[in-house]
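Subject: Structure handover

Hello,

Here is the structure I promised you. Please open it first, then read my notes below.

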Amino acid sequence: MPLLEAKDVVSGYGKVEILHDVSVHVDEEEMVSIIGPNGSGKSTLMKTIFGLLNAWEGEVNFEGRDITGFKPNEIVREGLCYVPQESNIFPTLTVEENLDMGAFIRTDDYSEELQNVYELFPALTKKKDQQVGNLSGGQQQMVAMGSALMLNPSILLLDEPTAGLAPNLAQMILERIKDINDTGVAILIVEQNAREALKLSNRGYVLAMGKNKFTGKSDDLLDNEEVGKLYLGG
Ligand SMILES: Nc1ncnc2c1ncn2[C@@H]1O[C@H](COP(=O)(O)OP(=O)(O)OP(=O)(O)O)[C@@H](O)[C@H]1O
Ligand SMILES: [Mg+2]
């Protein structure tokens, strides 16, 4: 049984259908990449899984439970956290206040998670009391992911966590994501740095025009001539 499964999902905006029977799954402790051209529906799929958009057809299952139609605030309580492509931090709050916000539904002690986030991203330790809006793009991404980790999720959905970052910084963020995965947190990641993301992932999906185009083990996708030419920049 997969940890997370989106099955034959149809969804979109208003009356415009964007996803046409899209299926993806993530097994426990797996890291899975979703790649594909701009506008192919990657973010729409993430939003539909997380309940920000309704699935018109199909279903979303998590830990064997049907969560189709669940709202985001119910889904995070199940152990599925999502870091959106945009507006994923509170810029006027400090680093630590952002992490506190990540834990807002918790009524128990979360000092251990806080410490884990600072260990994962040591750069944030010195910046605890600084406004996140004043940090670098890479550090803002660390805060966004750190906030999601405060709920101890069993899976993290990440939508383009390296967007706008210089290549070496993007690589560093991807490696930290792999570190998170190595602690047992499953990862479903949408990435523009498709080759780098696939190298760190177990499997991948290529979405094109709102449909499943290719899927397979990362190594097979990386070796596939058509995938390479069309979706990995040659
Ligand atoms: N809020 C919205 N309202 C209407 N149409 C939208 C909305 N958001 C996205 N779309 C459309 O849905 C389609 C898929 O967009 P989506 O954001 O899912 O693509 P994406 O694969 O994430 O692209 P990118 O790589 O640029 O982030 C596009 O045609 C886009 O114009
Ligand atoms: Mg997107």
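First, a term you will need: two strands pair if DSSP finds at least two bridges between them. Strands (E, at least two residues) and helices (H or I, at least four) are DSSP runs, numbered from the N terminus.

Next, the ground rules. This is a predicted model, where local features need pLDDT of at least 70, side-chain atom pairs count only at pLDDT 80 or more, and totals for chains, interfaces and linings use all residues. Residues are numbered from 1 along each chain as its sequence is written, while chains are lettered from A and ligands numbered from 1 in the order in which they are written.

**The sheet**

An open sheet is formed by 6 strands, in the order β6-β7-β8-β3-β9-β10, with mixed pairing. Its edge strands, β6 (80–83) and β10 (211–217), each pair on one side only. From one strand to the next, the twist averages 15°. Helix α6 (residues 167–182) packs on this sheet and touches β3, β7 (155–159) and β8 (186–190). Contact here means C-beta atoms, placed from the backbone, within 7 Å. The direction of α6 makes about 155° with that of β8. Such angles run from 0 to 180 degrees between N-to-C directions, with axes fitted to C-alpha atoms, for helices over the stretch in contact.

**Strand β3**

Look at β3 (residues 31–35) next. It joins β8 through 4 bridges, and the two run parallel. M31 has I187 of β8 as its bridge partner. With β9 (residues 203–208), β3 also pairs in the parallel sense, over 4 bridges. There, I34 is partnered by Y205, and I35 by V206.

Is β3 covered or open? Mostly covered: 5 of its 5 residues are buried. Buried means 20 or more other C-beta atoms within 10 Å of the residue's own; exposed means 12 or fewer, and partly exposed lies in between, with C-beta atoms placed from the backbone. M31, S33 and I35 point one way, and V32 and I34 point the other way.

α1 is mostly covered, with 7 of its 8 residues buried. Among them are K42 and T44. After α1 comes G51, with a positive phi near 80°.

Best wishes

How values were computed: Contact = placed C-beta atoms within 7 Å.
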